[in-house]
Amino acid sequence: MPAVDSESMAVADVYAESLLAVACEQRQEDEVAAELADLVVYMDREAGFALFLTSRSIDDDTRRVSLEKLFRSKMNDLLLNLLQVLNRRGRCDLVRSVARCVEIRMQAKKRQQEVHVETATPLTGELRGKIKKDISERIGAEALLIEKVSPDLIGGVVIRAGDEQIDASVASCLRSMRERLVERGIEEIHSGRGYEG
Amino acid sequence: MKFKVDEITSVIKQEIAQYTSEIDVADVGRVLEVGDGIARLYGLGKAMAGEMLEFQNGAIGQVFNLETNSIGAVVLGDYLGIKEGDTVRGTGQLLSVPVGDAMVGRVVDPLGRPLDGKGVIDSTLRRPLESDAPGIAERQPVDEPLQTGIKPIDSMIPIGRGQRELIIGDRKTGKTAICVDTIINQKGTGVICVYVAVGQKESTIASVVEVLREHGAMDYTIVVVAGSADAAPLQYIAPYAGCAMAEYFMYEQGKSTLCVYDDLSKQAVAYRQLSLLLRRPPGREAYPGDVFYLHSRLLERSCKLANRYIIVPESAPSDCKEAVNDKDYFGVPGRNEAKADLKALGRDDCEVRIKPGTGGSLTALPVIETLEGEVSSYIPTNVISITDGQIYLEPDLFFAGVRPAINVGISVSRVGGKAQIKAMKKVAGSLRLDLAAFRDLEAFAQVGTELDAATQRQLDRGQRMVELLKQGQYKPYHVADQVLSIFAGSQGVCDDLPVGQVAEFEEKLLQYIRDEFPEVREELIKAGDLSDELATKLKELLTNFKKQFVAAKT
């Protein structure tokens, strides 16, 4: 079961798991996942549609009929059924969360994992390939790199895969060195070795 | 004296030259929500219960709840600097505090950070906050007194080293005063004291520290502070931190230690706050179901560790740890075995000694505040059932001028006479019963009926004993002085003195003995017993002094 990061995601994951289970039986999981991702993109583009799905001022029956008219034979039946189930249970606001959970589950199924890579400067192609290869070996899955540039790191890289973070940044080294120097300095001062008189 | 800058610079240069960078690999999570000293985290899949966490702003936390989709953690520091989405690292370690000789004389927070402005504490030693209480085999019965210097306690409710004695009473009845006097009285005894202040006003704590400093008690005391302005997590862990600091001296140096928890009611309230915020189910009085365990696991760590015995030459120095037969003997059965082995060895030049660094103890004085004398409410009854006795302080006694306001009738020490020197046992033997009889008669006498001579005598004796047991604050009595004072009272020397003159009589009597007959006091201290010979000498001494005292008054 993929990790979820809030109570709504926990609820959404229940729907995602059920959707994929049914899709898997009908060998349509890739198609369903892709269409759901497209639906979310459409919601992001068309604010009115997103509002239509989530607004409480539209009663469930009206929404049900509208969804049926809009999407029957234009959308994967399973996906439309999911929307109708969410509507019936008053959970249409979870569509984006369900899509995210489906994405995470599909990645897990394909032995893929998102890996966040933070560097001080943009990655070169060669470096990207090397990081992807090394990380994929370490996590035992195909690494899907999500890159971020943070000049604060000064140099090096911070890689985060799941719950594990590998910090090989210059900023971190400098921080650690500073702490050690302060500790050592305090130790020397307290020991009195550096005193005269 | 000034430090050599060049010396420090060269050290730093050396550090930089030898520095090797290591890749930091850590288990991380993200903050989902934070507030009121608690945080809910996502991730940290390998986190374990009680694990120490580091937040992005440098605050320390501890894993409290391990739930399906998130972790509930308490923030032991500035939670206002933590925001949603911040990274949290797991340290893979349990929460620990710095311990050692460097802590003595310092005022610290529950994480061991100094609060007294005297600089960084130079200690590399650490102990986990929570540790298992020693098992049955590692303990031995309490048999050594811990003198509080307070007459009613040392005579009728004696405390032994390794005992847990609860101090319970309403607000402003003198609970902290008893604790402070006990700490002051440990001067010169080798006992290391830890005073844990939980949920108190910072001004009160400052005045306690000042009193300890004035009386030289800070030379052997550590003060752990989690004031009322500190977050609930710090108030929750403060007693455990104090206990860990005291345990270091008990286990590693074999010393006797005293830990005062002032007070555990506030720790229970802080724990209730944390538990409710983390949605643990509330029980009676909204406390979580494991509030008993909160106190029992703390107080069970107080104990008298079993001594280890060795056979050494009589001429060996006191810190000798090498046995002639390379054998350690454990506990009371071990001592008997050692004696038997010594006899079998046939070495007249050897003796059985306690191995240095063993047989330490941790005495606990937990304090509980009651509301309107209600000792049968939830938390007080919990702690009463855990401890080895309790000292009840009553506001009525306090306002009637009986200070310390101890109700000796209902106070009890389950260790009892085993924690008293022989001399005290002799003089205080029937004191509790006499005082109980006096209280019954006192109520009767208020009715106003005429009393027979015997009853009147008993009343007179009781009134004067009560006066003798009164004591000023920050004036602990040496046990020898207590014995002399109570002996004088029990011999009826004060029976015909006005009640108002008893305190003066006692003070002058003790001064008289110190000045004129110091050898009597020394003999009492050395022997620890009141022999018949000494008792006779004392009676004579008392008679002579009383004549002088009465003559001076007329």
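Two strands are said to pair if DSSP finds at least two bridges between them, and helices (H or I, at least four residues) and strands (E, at least two) are DSSP runs, numbered from the N terminus. The views below come from a predicted model, in which local features need pLDDT of at least 70 and side-chain atom pairs count only at pLDDT 80 or more, while totals for chains, interfaces and linings use all residues. Residues are numbered from 1 along each chain as its sequence is written, with chains lettered from A and ligands numbered from 1 in the order in which they are written.

**View 1. An open sheet of 3 strands in chain B has the order E16-E15-E17, with antiparallel pairing.** Its edge strands, each of which pairs on one side only, are strand E16 (329-330) and strand E17 (350-354) of chain B. Strand E15 (residues 308-313) of chain B runs antiparallel to E17(B), and 5 bridges join them. Pro313(B) has Cys350(B) in E17(B) as its bridge partner.

**View 2. Strands E4, E5 and E6 of chain B are linked by antiparallel pairings.** Strand E4 (residues 51-55) of chain B pairs over 3 bridges with strand E5 (residues 60-66) of chain B, and Leu53(B) finds its bridge partner in Gly61(B) of E5(B). The hairpin of E4(B) and E5(B) has 4 residues between the strands, and within this hairpin Gly58(B) takes a positive phi near 95 degrees. E5(B) is in turn joined by 6 bridges to strand E6 (residues 71-76) of chain B, where Ala73(B) is the bridge partner of Val63(B). A hairpin through 4 residues joins E5(B) to E6(B).

**View 3. Helix H5 (residues 232-253) of chain B has 22 residues and is mostly covered.** At 1.5 Å a residue, H5(B) should span 32 Å, which agrees with the 33 Å between its end C-alpha atoms; the expected span is 1.5 Å times one less than the number of residues. A kink of about 35 degrees lies at Ala238(B), shortly before the proline Pro239(B), the bend being the angle between axes fitted to the seven residues ending at a residue and the seven starting there. After H5(B) comes Gly254(B), whose phi is positive, near 65 degrees.

**View 4. Helix H1 (residues 5-18) of chain B has 14 residues and lies largely in the open.** The number of buried residues in H1(B) is 0, so the helix is placed largely in the open. Its end C-alpha atoms are 20 Å apart, in agreement with the 20 Å that the helix should span at 1.5 Å a residue.

**View 5. Ala503(B) lies in helix H15 (residues 502-516) of chain B.** With 14 other C-beta atoms within 10 Å, Ala503(B) is partly exposed. Not counting residues up to four places away in sequence, Ala503(B) touches Glu467(B) and Lys470(B), contact meaning that the C-beta atoms of two residues, placed from the backbone, lie within 7 Å. Arg414(B) is 89 residues from Ala503(B) in sequence, and their C-alpha atoms are 30 Å apart in space.

Note on methods
A residue is buried if 20 or more other C-beta atoms lie within 10 Å of its own, exposed if 12 or fewer, and partly exposed in between; C-beta atoms are placed from the backbone.
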